[in-house]
Amino acid sequence: MSVIGTVESLWRYPVKSMAGEELDRAWLGFAGIYGDRVAVFRSDQATPGFPWLTAREQRRMLLLRPRFRDPVAASQPPNLAEALAEAPGLSPLYAGHETLVIDVELPDGEMLAIDDPALLQFLKQHLGREHRIDLLRSERAFTDCRPLSLISTATVATLSTELGRPVDKRRFRANVCLELDREGSFAEDTWIGRRLKIGNRAEISILEKDPRCAMITLDPDSAERDPSILNHVLKHHAGTTGVYAAVLVEGMLETGAPVTLVD
């Protein structure tokens, strides 16, 4: 085993395709970061296999900032201490959406409940055609494929150098950003099929490279498009940046925690 770096930052996205929030610590369960993507908006104009309304269609979603009404309840499972005390260990319970209530801040500062009809009206604006939109909520994440995504700051720095301008790491919407001890860009790609330990408990298995879509073309602060970023990744990096992982051992993650390559 060897320590390869530390956790540079942790990110959670309470509502799929809306702005993320940076966390100092986060519970990592088998379903991913606690509270991640527990709400999503479904559109009747989307494809049956991917029925969600995302910032690819409604760029203004990125300008919406979701917040849990009770930050304490959203910080970790309600019975975490009891679950961790059990041997060999039980997966903790997850609070329901009646506990994990989400409010959404609009660009003008107005705050709306996640199920407020006014929020639906905001989402329908400027779509170009009529969408029937409804809200879905879950105890666990509405992820596209894998429960956890990671990227290193070295990889983001390399893309910035290659493109000749700063690239914001938030474009890649990773859950865990890593600061590596050795500045190896795209080092994540070499971990496929290997295990990482984060902190003193959590373990993950790196499964595959993260294929990128038009989401990375959107500026996280303005929602303006820059297609050159995706074009560059497609041309020079086989369309992937960062990696996806599965969770093998649940545990608490914290910024600054050591990251160890187990095997």
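**Figure 1. Helix 2 and the strands around it.** The buried residues of helix 2 pack against strand 5 (39–47), strand 8, strand 9 (111–113) and strand 10. Packing here rests on contact, meaning heavy atoms within 4.5 Å. Helix 2 spans residues 117–124, and its buried residues are Leu119, Phe122 and Leu123. Buried means under 20% relative accessible area, exposed means over 50%, and partly exposed lies in between (1.4 Å probe, protein chains only). The three cover an arc of only 95 degrees around the axis, which puts them on the same side of helix 2. The arc is taken from the directions that run from the helix axis to the C-beta atoms. Helices (H or I, at least four residues) and strands (E, at least two) are DSSP runs, numbered from the N terminus.

The model is predicted: local features need pLDDT of at least 70, side-chain atom pairs count only at pLDDT 80 or more, and totals for chains, interfaces and linings use all residues. Residues are numbered from 1 along each chain as its sequence is written, and side-chain values use heavy atoms, with hydrogens and water left out.

**Figure 2. The buried side of helix 4.** Helix 4 covers residues 227–236, and its buried residues are Ile229, Leu230, His232 and Val233. They span an arc of only 155 degrees around the axis, so they lie on the same side of helix 4. What do the buried residues of helix 4 pack against? Their partners are helix 3 (153–163) and strand 15 (240–249).

**Figure 3. Helix 3 crossing helix 4.** Two packed helices are described by the angle between their axes and the distance between the axes. The axes of helix 3 and helix 4 come within 11 Å and cross at roughly 105 degrees. That makes helix 3 roughly perpendicular to helix 4. Axes are lines fitted to C-alpha atoms, for helices over the stretch in contact, and angles run from 0 to 180 degrees between N-to-C directions. Angles under 35 degrees count as roughly parallel, over 145 as roughly antiparallel, 65 to 115 as roughly perpendicular and the rest as oblique. Helix 3 brings Leu159, Glu162 and Leu163 to the contact; helix 4 brings Ser228, Ile229, His232 and Val233. By class, the contact of helix 3 with helix 4 has four nonpolar, two polar and one charged residues. Ala, Val, Leu, Ile, Met, Phe, Trp, Tyr, Cys and Pro count as nonpolar, Asp, Glu, Lys and Arg as charged, and the others, Gly among them, as polar.

**Figure 4. Two residues with positive phi.** Is Ala238 buried or exposed? Ala238 is exposed, with a relative accessible area of 67%. Phe186 also has a positive phi, about 55 degrees, although it is not a glycine. Phe186 sits in the loop between strand 12 (176–180) and strand 13 (195–198). Phe186 is buried, at a relative accessible area of 11%.

**Figure 5. Salt bridge between Asp144 and Lys16.** A salt bridge is a side-chain nitrogen of Lys or Arg within 4 Å of a carboxyl oxygen of Asp or Glu. By this rule the count comes to 18 salt bridges. In one of them, the side chains of Asp144 and Lys16 meet at 2.5 Å, N to O. The pair links distant parts of the chain, 128 residues apart. Asp144 is in the loop between strand 10 (133–137) and strand 11 (148–152), and Lys16 in the loop between strand 1 (2–12) and strand 2 (21–23). Asp144 counts as partly exposed, at 49% relative accessibility. Lys16 counts as buried, at 5%.

**Figure 6. Salt bridge between Arg67 and Glu105.** Their side chains meet at 2.4 Å, N to O. Arg67 lies in strand 7 (residues 65–68) and Glu105 in strand 8 (residues 102–105), so the pair ties together parts that are 38 residues apart in sequence. Arg67 is partly exposed, at 41% relative accessibility, and Glu105 is buried, at 17%.

**Figure 7. The surroundings of Val176.** Val176 is in strand 12. It is buried, with a relative accessible area of 0%. Leaving aside neighbours within four places in sequence, Val176 is in contact with residues including Val7, Leu10, Leu148, Ile151 and Leu253. Val176 and Leu253 are 77 residues apart along the chain, and their C-alpha atoms are separated by 9.3 Å.
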